[in-house]
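Here is a short briefing to read alongside the model. Please have the sequence and coordinates open as you go through the points.

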Amino acid sequence: MGDALTGRVLNIQRMSTEDGPGLRTTVFLKGCSLACTWCHNPESIAARPQTVWHATRCIGCRTCLTVCPEGAITHAADGVRVDRDRCAGCGACAEECPAAALELLGQAGERSWERLNSLFGNPVIPARKVER
Ligand code: SF4
Ligand code: SF4
C-alpha cells in the first residue's frame, strides 16, 4: 500500500455531460496543475483542503467560532470569515455547523471513500484514463 495513489476529492458530480464523451459521474480532485485560462473550478487548484462558507445557509449561531482549534474563524458584519493561513483543514467547523453553511473541500481518506461508496456501493471501481 506504500505506493498507492491517493487524492483529495473536491466534488463528485453525477450526470456529467460536459468536458468529455457520454454521460458520466465525474470525480473532481484537488491539486489540478493545468491552469487553464477558462478554469471553472478555481477551488480545485490548491492541493490542500479548503473551507468555504455559504452565506445563504448560515443562521449566525456562531458555533464555528467555538469549535475551530486554530482560531481561524471570525464573524464580521458581512458574515463568516476563514483565515486561510491559519486554517489547518481539520473539518471540525463543517462537521459542527448545524446549517451546513461551512464545507470542507478536499476531503481525504475514509471520508472520500465513504462518499464514493454511498453513491456506487462497494467496491469502488478504480479510476481509468479516458481516451479522447
Ligand atoms: S456554525 Fe454554521 S450556521 Fe453557525 S455561524 Fe458558523 S457558519 Fe453560520
Ligand atoms: S477546517 Fe478546522 S482549522 Fe479550518 S476553519 Fe474549520 S475548524 Fe478551523
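**A buried cysteine and its surroundings**

Cys68 is buried because 22 other C-beta atoms lie within 10 Å of its own (buried means 20 or more such atoms, exposed 12 or fewer, partly exposed in between, with C-beta atoms placed from the backbone). This is a predicted model, in which local features need pLDDT of at least 70, side-chain atom pairs count only at pLDDT 80 or more, and totals for chains, interfaces and linings use all residues. Residues are numbered from 1 along each chain as its sequence is written, while chains are lettered from A and ligands numbered from 1 in the order in which they are written.

**Around Cys68**

- Cys68 sits in the loop between helix H1 (63-67) and S4; helices (H or I, at least four residues) and strands (E, at least two) are DSSP runs, numbered from the N terminus.
- Apart from neighbours within four places in sequence, Cys68 contacts Ile73, Ala92 and Cys93 (a contact means C-beta atoms, placed from the backbone, within 7 Å).
- From the C-alpha atom of Cys68 to that of Gly89, 21 residues apart along the chain, the separation is 10.0 Å.

**Core and hairpin**

- The largest nonpolar core has 10 residues, including Cys68, Ile73, Val80 and Cys93; such a core is a set of buried Ala, Val, Leu, Ile, Met, Phe, Trp, Tyr and Cys residues joined through C-beta atoms within 7 Å.
- Strands S4 (residues 73-76) and S5 (residues 79-82) run antiparallel, joined by 4 bridges (strands pair if DSSP finds at least two bridges between them).
- The two strands S4 and S5 form a hairpin, with 2 residues between them.
- Ile73 stands opposite Val82 in S5, and the contacts of Ile73 beyond four places in sequence include Val82, Val80 and Cys64.

**Ligand shells**

- Which residues are closest to ligand 1? They are Cys58, Cys61, Thr63, Cys64 and Cys97, out of 13 that surround ligand 1 (near means a C-beta atom, placed from the backbone, within 6 Å).
- For ligand 2, 15 residues lie around it, and Cys68, Cys87, Cys90, Ala92 and Cys93 come nearest.

**Confidence**

- The protein averages a pLDDT of 83, and 78% of the residues score at least 70; pLDDT is the predictor's confidence in each residue, from 0 to 100.
- Confidence is highest in H1, at a mean of 97, and lowest in helix H3 (residues 110-120), at 61.
- Over residues 123-128, pLDDT stays under 50, and the model has 3 contacts there beyond four places in sequence.
- Where pLDDT is low, the predicted coordinates should not be read in detail.

Conventions: Contact = placed C-beta atoms within 7 Å.
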